[in-house]
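Reader: Please walk me through this structure. Keep it brisk.

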There are 2 protein chains.
Amino acid sequence: MATDRLSEIFAALADPTRRAILARLAESDATVNELAEPFSISLPAISRHLKVLEKAGLITRSRSAQWRSSSLRAEPLAEVAAWMDPYRQFWDENLDRLEAHLKQLQSQEGKSS
Amino acid sequence: MATDRLSEIFAALADPTRRAILARLAESDATVNELAEPFSISLPAISRHLKVLEKAGLITRSRSAQWRSSSLRAEPLAEVAAWMDPYRQFWDENLDRLEAHLKQLQSQEGKSS
C-alpha cells in the first residue's frame with residue numbers, strides 16, 4: 001500500500017512498539033536483545049519491526065551479525081516536520097483564539113469582582 | 001491494528017490521497033464532489049478516505065446530508081508535532097554538523113585560492 005516515501009515513514013510510525021523502539025534508540029544504540037527486553041514480544045517480532053523502521057530510513061543497522069546494533073536516523077522525521085510545517089498556522093491560530101478567549105474570561109472576572 | 005490515538009493519526013497520514021485531501025481542505029472546506037474532482041478515483045473511495053481522516057480527528061464533516069462538507073482539524077497534527085519534538089535535537093545536530101563541515105570546506109577553499 002505505502003509506496004511513496006512519506007507514506008512509508010508515516011506507516012512505520014503508526015505502531016506504538018516501533019515508536020517505543022525509536023525512543024529507546026534516541027538514548028543510545030541497542031542490539032535486538034536489548035530492544036526486546038522491555039517488551040513482552042518475541043525477538044522475531046522485534047526484528048520485523050526493525051525491518052520496517054530500517055526500510056523507512058528511521059534506523060540503520062550495523063553489519064556485524066552477532067552484535068548487530070541499531071541506531072536512530074532522524075532525517076525521515078525532519079521530512080515529516082517539513083510536510084507538517086504549512087499546517088502549523090492552523091493549530092497556532094487555534095491557540096491564539098484560545099488565548100484571546102481566556103483573556104476575555106479573565107477581564108470579565110476582573111469586572112465582576 | 002492501529003488502536004492508540006497517535007497510531008491512528010499516523011496511519012491516516014500514511015496515504016498520499018488522504019494527505020492531498022488535507023492539503024485541499026487547508027485552502028477551504030469542500031464537499032465530497034469537490035474533493036473527488038482532482039483525483040482519478042471514485043466518490044465511494046473518497047468517502048472511505050474521509051471516514052479514515054474523520055476517525056483520526058483530522059477532519060470534521062457537517063451534518064447537512066446533501067451538501068455535506070468537510071473541514072480540516074489541525075489538533076491531531078499538533079499531537080504529532082508534540083511527539084516529534086524530543087527528536088528535533090537529532091536533526092538539528094545533523095544540520096549543525098553539516099554547517100560546520102561546509103564552513104570548514106569554505107575556509108579551506110579560502111586558503112587555497
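Author: Start with Ala74(B), in the loop between strand E3 (69-72) and H5 of chain B. Helices (H or I, at least four residues) and strands (E, at least two) are DSSP runs, numbered from the N terminus. This is a predicted model: local features need pLDDT of at least 70, side-chain atom pairs count only at pLDDT 80 or more, and totals for chains, interfaces and linings use all residues. Residues are numbered from 1 along each chain as its sequence is written, chains are lettered from A and ligands numbered from 1 in the order in which they are written, and side-chain values use heavy atoms, leaving out hydrogens and water.

Reader: Is Ala74(B) buried or exposed?

Author: Buried means under 20% relative accessible area, exposed over 50%, partly exposed in between (1.4 Å probe, protein chains only). Ala74(B) has 2% relative accessibility, so it counts as buried.

Reader: Which residues is Ala74(B) in contact with, leaving aside neighbours within four places in sequence?

Author: Contact means heavy atoms within 4.5 Å. With those neighbours left aside, the partners of Ala74(B) are Tyr87(A), Phe90(A) and Trp91(A).

Reader: Which residues does Phe10(B) touch, not counting those up to four places away in sequence?

Author: Phe10(B) sits in helix H1 (residues 5-13) of chain B. Its relative accessibility is 0%, so Phe10(B) is buried. Beyond the excluded neighbours, Phe10(B) touches Val80(B), Trp83(B), Phe10(A), Leu13(A), Ala14(A) and Arg19(A).

Reader: At roughly what angle do the axes of H5(A) and H5(B) cross?

Author: Axes are lines fitted to C-alpha atoms, for helices over the stretch in contact, and angles run from 0 to 180 degrees between N-to-C directions. Helix H5 spans residues 75-84 in chain A and residues 75-84 in chain B. The two axes come within 11 Å and cross at roughly 150°.

Reader: Within what arc do the buried residues of H5(A) fall?

Author: The buried residues of H5(A) are Pro76(A), Leu77(A), Val80(A), Ala81(A), Trp83(A) and Met84(A). The arc is that of the directions from the helix axis to the C-beta atoms. Down the axis of H5(A), these residues line one face of the helix, because they fall within an arc of 160°.
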